[in-house]
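Please read the points with the model open.

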Amino acid sequence: MSKQPVSVDGLADLEKMMVEHLPKSTGRGVLRRVGKSALGIFVERARDLAPRASGDLAESLAVSTRLDPKQRRDHRKLVRDDKAAVEIFGGAAALPHAHLVEFGSVERHLESGGSTGTMPAQPFMRPAWDATREAVLAGIAKGLGHEIAKTVARRAKRLAKRAGKGGGR
């Protein structure tokens, strides 16, 4: 995992709109939906580029808000602050050899006298990100505005319906 700073214009205005019109939990739902949708572009491209020895690697690629225990441990080391409201991940879901395919390996000699052999790098994730980065970021920017407006309208309709029935929270 590596951190790469990105910049998208207009997010401050969208954040202000969410804070003013939506509860925090609803805002997180909006961010999750948009993030999963936008990151799906990247994962699809990575599936296309993944080596097909058995097909397991390509099939394991997914978008998720959760990590397996080892990934969570590694992520905590990388991201020590908890400022993010929502985190979305795209990659091989708990497939133990995915990083070896992406980065390759060198031969290791074992105490028993044997060796592990080498595995040449077959990058597929980084090329997928390089190819889809702009589309993913554009999808986030466009999707957020659309999803926030839709959610605000849906919430206003729901609140008006409750007020009309004489109930409400």
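Is Arg 76 buried or exposed? Arg 76 counts as exposed, because its relative accessibility is 51%. Buried means under 20% relative accessible area, exposed over 50%, and partly exposed in between, with a 1.4 Å probe and protein chains only.

1. Basis of the note. This is a predicted model, in which local features need pLDDT of at least 70, side-chain atom pairs count only at pLDDT 80 or more, and totals for chains, interfaces and linings use all residues. Residues are numbered from 1 along each chain as its sequence is written, and side-chain values use heavy atoms, with hydrogens and water left out.

2. Positive patch. Arg 76 lies in helix α4; helices (H or I, at least four residues) and strands (E, at least two) are DSSP runs, numbered from the N terminus. Arg 76 belongs to a positive surface patch, together with Lys 24, Arg 28, Arg 32, Lys 36, Arg 66, Arg 72, Arg 73 and Lys 77. At least two residues of the patch come from each of α2 (24-49) and α4 (69-78). Patches are made of residues with over 30% relative accessible area and no salt bridge, with like charges joined within 9 Å and nonpolar side chains (Val, Leu, Ile, Met, Phe, Trp, Tyr) within 5 Å. Lys and Arg count as positive and Asp and Glu as negative, while His and the chain ends are not counted. The place of a charge is taken as NZ of Lys, CZ of Arg, CG of Asp or CD of Glu. Accessible areas come from the Shrake-Rupley method with a 1.4 Å probe, and for residues only the protein chains shown count as cover.

3. Nonpolar core. The largest nonpolar core has 17 residues, and Phe 42, Leu 57, Leu 61 and Phe 124 touch the most other members. Helices α2, α3 (56-60), α5 (98-103) and α6 (125-165) each contribute at least two residues to this core. The most come from α2, which gives 5 residues. A nonpolar core is a set of buried Ala, Val, Leu, Ile, Met, Phe, Trp, Tyr and Cys residues joined through side-chain atoms within 4.5 Å.

4. In one of them, the side chains of Arg 33 and Glu 147 meet at 2.8 Å, N to O. Arg 33 lies in helix α2 and Glu 147 in helix α6, so this pair ties together parts that are 114 residues apart in sequence. Glu 147 is buried, because its relative accessible area is 10%, whereas Arg 33 is partly exposed at 38%.

5. Lys 150 is partly exposed, with a relative accessible area of 39%. Another salt bridge joins Arg 126 and Asp 130, whose closest N and O atoms are 2.9 Å apart. These two residues of helix α6, Arg 126 and Asp 130, are 4 residues apart, so about one helical turn separates them. Arg 126 is partly exposed, with a relative accessible area of 41%.

6. Asp 13. Asp 13 is found in helix α1 (residues 11-21) and is exposed, with a relative accessible area of 59%. Asp 13 and Gly 145 are 132 residues apart in sequence, and their C-alpha atoms are 9.4 Å apart in space.

7. Other positions and distances. Pro 23 sits in the loop between α1 and α2 and counts as partly exposed at 30% relative accessibility. From Pro 23 to Met 119 is 96 residues in sequence and 49 Å in space, C-alpha to C-alpha. Ala 62 is in strand β1 (residues 61-64) and is partly exposed, with a relative accessible area of 28%. Ala 62 and His 146 are 84 residues apart in sequence and 24 Å apart in space, C-alpha to C-alpha. For Arg 33 and Lys 16, which are 17 residues apart along the chain, the C-alpha atoms are separated by 18 Å.

Methods:
A salt bridge is a side-chain nitrogen of Lys or Arg within 4 Å of a carboxyl oxygen of Asp or Glu.
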